[in-house]
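Subject: Structure for your files

Hello,

Here is the structure you were expecting, with my notes below it. Please read them with the coordinates open.

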Amino acid sequence: MVEWSESERSIISGIFSTLDYNDVGPKALCRCLIVYPWTLRYFGTFGNLYNAEAIKSNPNVAAHGVKVLHGLDRAVKNMDNIKATYAELSVLHSEKLHVDPDNFKLLADCLTITVAAKLGSAFTPQVQATWTKFLAVVVSALGRQYH
Amino acid sequence: MTSLSPKDKATVKAFWNQVQGYTDDIGRDALSRLIAVYPQTKTYFAHWKDVSPNSANVAKHGVTIMAAVSDAVTKIDDLKAGLLQLSELHAFTLRVDPANFKLLAHCINVVLAIKFPENFTAEVHMAFDKFLAALALALSEKYR
């Protein structure tokens, strides 16, 4: 099981309490689709995604970005049991969405960069370490049910 | 991965013009984060007494690395030839596992996002990430 110190818990819940999910979610997902264009393969039904401008103004992308952040919120509220909390989501991503789990890491990196831009120097190396650990646990849990 | 298009190169050079005066700070911060976030990278610095993220050695080395990245921007049209000596250094002497280049690239991107939140757009991020990947490839050119 993953061990969290009091400091780590407060860092993670602290960051999430300052984030505007409606802003950070869309920004992170857009960045992922633009920086790693092969991730577009999972969004064929989202409409116009032909260039960076189209991606940034696409309402389906924005809505999905918000959804992802709310999904992460569940992990924040269940830090001692992320694996179980995400069991269903993992099955969904594997069986229904067929997402290559390597992509989770790409989105995680883009989310890190989006949050870093928002928090500025408050995103210290130590905060980044805790944040990265949290996302690594999330990514691992999401890939857990693949077979 | 793919090579840099003329647009990628122009984007990287234009962005780097804005970043010029800050490379020392960026280098110190990036290497400090690499060590803090990915502690396994400390294994390459076992010869330093103090390998903590805030140590003087880490700061100095961060500056060295970033100066080399800056130099690589000027050699962006032929990174393989431009980084020949550094490649030999990394291949025969340092033997840094290339996976770590990706980790450092990510840390550099994080620092750039913190320092230039408006300018480090997704488009700039994409071109710069491609550049860092091409740089890493040129650095591991002589590995085997």
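Between chain B and chain A there is 1 salt bridge, where a salt bridge is a side-chain nitrogen of Lys or Arg within 4 Å of a carboxyl oxygen of Asp or Glu. The partners are E123(B) and K56(A), with 3.0 Å between their closest N and O atoms. Side chains of opposite charge can pair when their charged atoms come close.

Before the rest, the basis: this is a predicted model, in which local features need pLDDT of at least 70 and side-chain atom pairs count only at pLDDT 80 or more, while totals for chains, interfaces and linings use all residues. Residues are numbered from 1 along each chain as its sequence is written, chains are lettered from A and ligands numbered from 1 in the order written, and side-chain values use heavy atoms, without hydrogens or water.

The interface brings 22 residues of chain B into contact with 23 residues of chain A (contact means heavy atoms within 4.5 Å). The two chains bury about 1,800 Å² between them, 63% of it on carbon and sulfur atoms; buried area is the accessible area, with a 1.4 Å probe, that two parts lose on being put together, summed over both.

Over all chains the structure holds 14 salt bridges. One of them joins D23(A) and K27(A) at 2.9 Å, N to O. Both residues lie in helix 2 of chain A, 4 residues apart, about one turn of the helix (helices are DSSP runs of H or I, at least four residues, and strands are runs of E, at least two, numbered from the N terminus).

On a 1 Å grid over the protein atoms alone, a cavity is a set of points where a 1.4 Å probe fits but cannot get out; a pocket is an open set with protein on both sides within 12 Å along at least five of seven lines; lining residues have an atom within 4 Å of a point. Points are joined across faces, edges and corners, and volume is the space filled by probe spheres set on them.

The second largest pocket has a volume of about 840 Å³. It is lined by 30 residues, the closest to its centre being H64(A), V68(A), H93(A), L97(A) and L107(A). Elements giving two or more residues to this lining include helix 4 (59–77) and helix 7 (102–119) of chain A. By class the lining has 21 nonpolar, 7 polar and 2 charged residues (nonpolar: Ala, Val, Leu, Ile, Met, Phe, Trp, Tyr, Cys, Pro; charged: Asp, Glu, Lys, Arg; polar: the others, Gly among them).

There is 1 cavity of 30 Å³ or more. Its lining includes G27(B), M66(B) and I108(B), and has 6 nonpolar, 2 polar and no charged residues.

Regards
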